[in-house]
Amino acid sequence: MSVFFDILRSVVYGIIEGITEWLPISSTGHMILAEQVLKFSFSDAFMEMFRVVIQLGAILAVVVLYFKKLWPFCGDNGRDSGFAKHFRWPVIKLWCKIIVACLPAAVLGPLLDDWMDAHFYNSVVVAVMLIVYGIAFILVERRPRVATTTKLSRITYQQALIIGMWQVLALIPGTSRSGATILGGLLCGLSRGAASQFTFFLAIPVMAGASGLKLVKFVAKGGTFAAPEIAALLVGCVVAFVVSLLAIRFLMDYVKKHTFTAFGWYRIALGIVVLAIWALQSYVMPI
């Protein structure tokens, strides 16, 4: 019976991951709330890995939705001859910019990831980051601005690097990877649509790397996979994939007509809720 409930919990986690990974509202903040009621029978080490690795399902959703924009190879016999005719060079250039944006996280992520989790994965830090970035979104959207970059092909390497630096801030729990990179993109002059799409694409190598790193560390520390754990992980990934398809489409349609202000207010409200739960557990319930 416990296995059945663990599978149901995996479904809920997959739904949370699929929604919050792409909307700029912090998956960590929602995971903290979910952990108040969803208690798996698995070890803490497995759950630490599980929360990251189910992102693979979310990544696959981006690949499926934007495959044509991301696939750099072509099989036609265009006017170019020889080696060059097999590549779609605008896509190659886009991937080069994605790689540039990944560099800050690739360098600092492995060094700071475990330290950040050990020192900052707590309700207070998450709540503060939710509120701070919520306010930031509101202020940025209230500032008069004209987007200078509305297409992915127009993103410069300098803009890509700056967005990558913003992404490093997402190592602090509660920041939201998509929230940090979208905010960085807006401040760099990207339109809401371009900032959101570049964030999706940037997630592919970053989240794949983070998931792989967590898996390696889990196994290196002696972690093993029993059948119930494998089932829970697969279910979480599949659900995250399906929900991500819907969440990404929703966000791209939403930003065509709306600002990110509503997400800012939502983050502030969620941060207050997380703080309230922490205060109740720390000061009221022990008494």
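**Close-up views of helices and pockets**

**View 1. H3 and H10 are roughly antiparallel to each other (an angle over 145 degrees), as follows from the angle between their axes.** This is a predicted model, in which local features need pLDDT of at least 70 and side-chain atom pairs count only at pLDDT 80 or more, while totals for chains, interfaces and linings use all residues. Residues are numbered from 1 along each chain as its sequence is written, and side-chain values use heavy atoms, with hydrogens and water left out. The two helices (DSSP runs of H or I with at least four residues, numbered from the N terminus) pack at about 160°, and their axes are 8 Å apart. Axes here are lines fitted to C-alpha atoms over the stretch in contact, and angles run from 0 to 180 degrees between N-to-C directions. H3 and H10 cross in a left-handed way (the near helix is turned anticlockwise from the far one by less than a right angle). On the H3 side, Ala45, Phe46, Glu48, Met49, Val52 and Val53 make the contact (heavy atoms within 4.5 Å), and they meet Ala210, Ser211, Lys214, Leu215 and Phe218 of H10. By class, this contact has eight nonpolar residues, one polar and two charged. Asp, Glu, Lys and Arg count as charged; Ala, Val, Leu, Ile, Met, Phe, Trp, Tyr, Cys and Pro as nonpolar; and the others, Gly among them, as polar.

**View 2. Here H2 packs with H12, a helix of residues 261–284, at an angle of about 35°.** Their axes lie 11 Å apart, and the crossing of H2 with H12 is left-handed. Gly29, His30 and Leu33 of H2 touch Tyr266, Leu270, Val273, Val274 and Ile277 of H12. Six of the residues in this contact are nonpolar and two are polar, with no charged ones.

**View 3. H2 also meets H7, the helix of residues 123–142, and their axes cross at roughly 135°.** These axes come within 10 Å, and H2 and H7 are therefore oblique to each other. Their crossing is left-handed. Thr28, Gly29 and Ile32 come from H2, while Ser123, Val126 and Leu130 come from H7. The contact of H2 with H7 divides into three nonpolar and three polar residues, with no charged ones.

**View 4. Welcome to the largest pocket, which holds about 1000 Å³ of space.** A pocket is an open set of points on a 1 Å grid over the protein atoms alone where a 1.4 Å probe fits, with protein on both sides within 12 Å along at least five of seven lines; lining residues have an atom within 4 Å of a point. Volume is the space filled by probe spheres set on the points, which are joined across faces, edges and corners. Of the 41 lining residues, Val52, Gln55, Asp113, Leu171 and Ala210 lie nearest the centre of the largest pocket. Elements giving two or more residues to this lining include H1 (2–20), H3 (44–53) and H10 (192–220). H6 gives the largest share, eleven residues. The lining has 20 nonpolar, twelve polar and nine charged residues.

**View 5. Finally, look at the second largest pocket, with a volume of about 300 Å³.** It is lined by 16 residues, and Lys69, Leu94, Lys151, Leu152 and Ser153 are the closest to its centre. H6 and H10 each supply at least two residues of this lining, and the largest share, five residues, comes from H6. Six residues of the lining are nonpolar, five are polar and five are charged.

Conventions: Angles under 35 degrees count as roughly parallel, over 145 as roughly antiparallel, 65 to 115 as roughly perpendicular and the rest as oblique.
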